[in-house]
Amino acid sequence: MGGHFRSRLWDPVQIVAQIITMQASFYLCLGLWIFFLDVIGTFDVSLDQIFTQSDLGLYEDSGRTNVIAYALNSLTCAFVMWLVVGRTKQCLDFAATVHLGHFLGCWVVNGHVPVTFWWWMTQAICVALMTVLGEYLCMRSEMKAIPLVGQKVDL
């Protein structure tokens, strides 16, 4: 028989567990980044900054800080995606799923669909950042050389 890598093609329990892990890490890391940057910038620390659309933008210092927090969070979540998902072909799927979950969370918390330009621009850029860095990290892992000489390897 063949190797044991991805021996099960369709494992819904694993996929759901990966989605939950990615969503939880998204909010945990975003909360930490917002808290850290708010403390440095001496802004009011509020949990509403995660779900609000009015506090994102480049016109005020607090808005720029939140945009930076979202960008740093995308980079952090790309590393988590590399550890949790580990497959280049699934990076876009998981990045989009995490941000779709965030969109639904913002919709539920605010009671309406986010409509500001900066909210949508921030989310689009963050999906791209998370996808590209996640794919890069996963591709580096997938492209490691397979040892052919030396001790016997069970492929």
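Which residues do ring pairs link into a cluster? In this predicted model, the cluster joined by ring pairs consists of Phe103, Trp107, Trp119 and Trp120. The protein chain that carries these residues holds 5 helices and 0 strands, and its elements, read from the N terminus on, follow the order α-α-α-α-α. The points below take up the chain as a whole, then the annotated spans, the aromatic rings, and a few individual residues.

**The chain as a whole**

- The protein chain has 155 residues, of which 34% count as buried.
- Its accessible surface comes to about 10000 Å², and carbon and sulfur atoms account for 70% of that area.
- When contacts between residues at least 6 apart in sequence are considered, 71% of them join residues that are at least 24 apart.

**Spans annotated in the record**

- An unreviewed UniProt entry places the feature "transmembrane region" at residues 26–47, 67–85 and 117–138.
- In the model, the span of residues 67–85 is 95% helix and 0% strand, and the C-alpha atoms at its ends lie 26 Å apart.
- Residues 117–138 are 100% helix and 0% strand, with a separation of 31 Å between the end C-alpha atoms.

**Aromatic rings**

**A nonpolar patch on the surface**

- Leu75, Phe117, Met121, Ile125 and Leu129 form a nonpolar patch on the surface, and together they have about 410 Å² of accessible area.
- Helix α5 (residues 117–142) supplies the largest share of this patch, namely 4 residues.
- Leu75, another member of the patch, is placed in helix α3 (residues 61–84), and its relative accessibility of 32% makes it partly exposed.

**His99 and its contacts**

- His99 lies in helix α4 and counts as buried, with a relative accessibility of 7%.
- Leaving aside residues up to four places away in sequence, His99 touches Phe26, Ser74, Gln123, Cys126, Val127 and Met130.

**Ile40 and Thr65**

- Ile40 is found in helix α1 (residues 12–41), and at 56% relative accessibility this residue counts as exposed.
- Although Ile40 and Thr65 are 25 residues apart along the chain, their C-alpha atoms are separated by 9.9 Å.

Note on methods
Residues are numbered from 1 along each chain as its sequence is written. This is a predicted model: local features need pLDDT of at least 70, side-chain atom pairs count only at pLDDT 80 or more; totals for chains, interfaces and linings use all residues. Side-chain values use heavy atoms; hydrogens and water are left out. Rings of Phe, Tyr and Trp (its six-membered ring) pair if their centres lie within 6.5 Å; planes under 30 degrees apart count as stacked, over 60 as edge-to-face and the rest as tilted. UniProt positions are given in the numbering used here, feature names are shortened, and annotations may be inferred rather than shown by experiment. Helices (H or I, at least four residues) and strands (E, at least two) are DSSP runs, numbered from the N terminus. Patches are made of residues with over 30% relative accessible area and no salt bridge: like charges are joined within 9 Å, nonpolar side chains (Val, Leu, Ile, Met, Phe, Trp, Tyr) within 5 Å. Accessible areas come from the Shrake-Rupley method with a 1.4 Å probe; for residues, only the protein chains shown count as cover. A salt bridge is a side-chain nitrogen of Lys or Arg within 4 Å of a carboxyl oxygen of Asp or Glu. Buried means under 20% relative accessible area, exposed over 50%, partly exposed in between (1.4 Å probe, protein chains only). Contact means heavy atoms within 4.5 Å.
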